[in-house]
Amino acid sequence: SIRIVAVFDEGLDSAIASSAANYSLDNAARPISAQPVAPLFSEVALTFSDILATDKTYELAVNNVTDCSGNKIGIYNKTKAAVAIPADTGSVVINEVLFNTKSGDPKFIEIYNKGSYAVNCNSLYVGNKTNAGLIENLKQVSSVPCLLFPGDYLALTTHPTALGHLYLIKNPLSVIEIPSLPSVPEDKGRV
């Protein structure tokens, strides 16, 4: 069996969220169970009996689920889902580094998944490479499970809100706040 955790932006009515009939993958596969995760009930663990391909991105649809106030899920009831596997060398790359900013402006590192499968961001790290080839100053991309899908970009910054004031961010979920970034001097450095 395969387990997918659906994450919502607020707590759900756990009685309604526990009905497996409210969820489907690609409008076909239905989970054999749906278990809201206590104590906040903003996550639902879905168990599927079907084997899911690791090189495929699915569409998870959620219907009839309500929050704790009784508000039914609206038109934004679909999202990507996948079975994540560890990144191979070169499948997730640094696409852009912005460290030479105006005083007070946020710095960021943008990563890109050029692979053919989803990668869990809590297994990714950024750091500095020394002249001797050693990796130091490692920073975990995410402390919680978060998928980076094939062809998707993700910006890492210490100040997502400030970054949004400077740049157009079409998808706020494509920006992750991390406590600190690796050090990159303005004249040289390796990330």
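Author: Let us begin with accessibility, where buried means under 20% relative accessible area, exposed means over 50%, and partly exposed lies in between, with a 1.4 Å probe and protein chains only. By that scale Lys80 counts as partly exposed, at 41% relative accessibility. Please keep in mind that this is a predicted model, in which local features need pLDDT of at least 70 and side-chain atom pairs count only at pLDDT 80 or more, while totals for chains, interfaces and linings use all residues. Residues are numbered from 1 along each chain as its sequence is written, and side-chain values use heavy atoms, with hydrogens and water left out.

Reader: With which residue does Lys80 meet in a salt bridge?

Author: Side chains of opposite charge can pair when their charged atoms come close. The rule applied here asks for a side-chain nitrogen of Lys or Arg within 4 Å of a carboxyl oxygen of Asp or Glu. Lys80 meets Asp152 in this way, at 3.1 Å from N to O. Because Lys80 lies in strand β6 and Asp152 in the loop between β12 and β13, the pair ties together parts that are 72 residues apart in sequence. Asp152 is partly exposed as well, with a relative accessible area of 24%.

Reader: How many salt bridges does the rule count?

Author: The count comes to 2 salt bridges. Lys56 is partly exposed at 37%, and Asp26 is partly exposed at 31%.

Reader: In what order do the strands of the open sheet lie?

Author: Strands of a sheet pair through backbone hydrogen bonds, either parallel or antiparallel. Strands here are DSSP runs (E, at least two residues), numbered from the N terminus, and two of them pair if DSSP finds at least two bridges between them. In this model 4 strands form an open sheet in the order β7-β8-β13-β14, with mixed pairing. Its edge strands, β7 (92-98) and β14 (175-177), each pair on one side only. Strand β13 (residues 153-157) pairs with β14 in the parallel sense over 3 bridges, and Leu156 stands opposite Ile176 in β14.

Reader: Which strand does β10 pair with in the antiparallel sense?

Author: Strand β10 (residues 125-129) pairs with strand β11 (residues 135-140) over 4 bridges. Within this pair, Asn128 stands opposite Glu136 in β11. The hairpin has 5 residues between its strands, and Gly133 takes a positive phi near 90°.

Reader: How many residues line the largest pocket?

Author: On a 1 Å grid over the protein atoms alone, a pocket is an open set of points where a 1.4 Å probe fits, with protein on both sides within 12 Å along at least five of seven lines, and lining residues have an atom within 4 Å of a point. The largest pocket is lined by 49 residues, of which Ala6, Val7, Thr79, Lys80 and Leu173 lie nearest its centre. The largest share of that lining, 6 residues, comes from β1.
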